[in-house]
Amino acid sequence: SAGARTNSGGRNTNLMNKASFDMAGGEGSQKGASFEPDDDDMSKEAIFRRLTNNDKVVTINVSGKVYQTYVQTLRNMPGTLLANYVEPDGDLLRLGHMFLDRDPEAFAAVLRYYRTDRLIQPAS
């Protein structure tokens, strides 16, 4: 996604950096303010579970073509089907692999969108 950062291992660390920056009183927060979630906010435990496993690699077999990506890549588009699969209770995060009976070329375009935030239509 736009502004995503990677470390030397190629892992996207933007979500972790943003969360620790915001919780530490970074830009947009009052200096020294403590983090106290509202009733509508996630609990600290839920936030921790959400921020962990971002560097885990998962495997998606799309009609015989195997794709591997980081959990963080799939979390780049919150609320989508692929993002939901890697939530703390999601099957893909739990098992580490899954099978989709879909067009592999179309899936490649979707995964590219998750990685770059740019939609490039596959050649017909």
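Predicted model: local features only at pLDDT ≥ 70, side-chain atom pairs only at ≥ 80, totals over all residues.
Student: What makes S1 and S2 paired strands?

Tutor: Two strands pair if DSSP finds at least two bridges between them; S1 and S2 have six bridges, in the antiparallel sense, so by the rule of at least two bridges they count as paired. Within this pairing, Asn-61 stands opposite Val-66 in S2.

Student: Why are S2 and S3 said to stand at the edges?

Tutor: The open sheet has three strands in the order S2-S1-S3, with mixed pairing. Strand S2 (65-70) and S3 each have a single partner strand, so one side of each is left without a neighbour in the sheet. Neighbouring strands are turned by 25 degrees against each other on average, with direction ignored, and H6 packs on the sheet, touching S1, S2 and S3, while its direction makes about 10 degrees with that of S2.

Student: Why is a group of residues called a nonpolar core?

Tutor: The name applies because such residues are buried, belong to a set that includes Leu, Ile and Phe, and are joined through side-chain atoms within 4.5 Å. The largest nonpolar core has 17 residues, of which Ile-60, Leu-74, Leu-92 and Phe-107 touch the most other members. Strand S1 (57-62), helix H3 (71-74), helix H5 (91-95), strand S3 (97-100) and helix H6 (104-116) each supply at least two residues of this core, and H6 gives the most, with four residues.

Student: Which residues is Phe-107 in contact with, leaving aside its neighbours within four places in sequence?

Tutor: Phe-107 is in contact with Ile-60, Val-62, Tyr-67, Leu-82 and Leu-100, once those sequence neighbours are left aside.

Key
Residues numbered from 1 in each chain as written. Heavy atoms only, no water. Buried < 20%, exposed > 50% of the residue type's maximum accessible area, 1.4 Å probe, protein only. Contact = heavy atoms within 4.5 Å. Axes fitted to C-alpha atoms, helices over the stretch in contact; angles between N-to-C directions.
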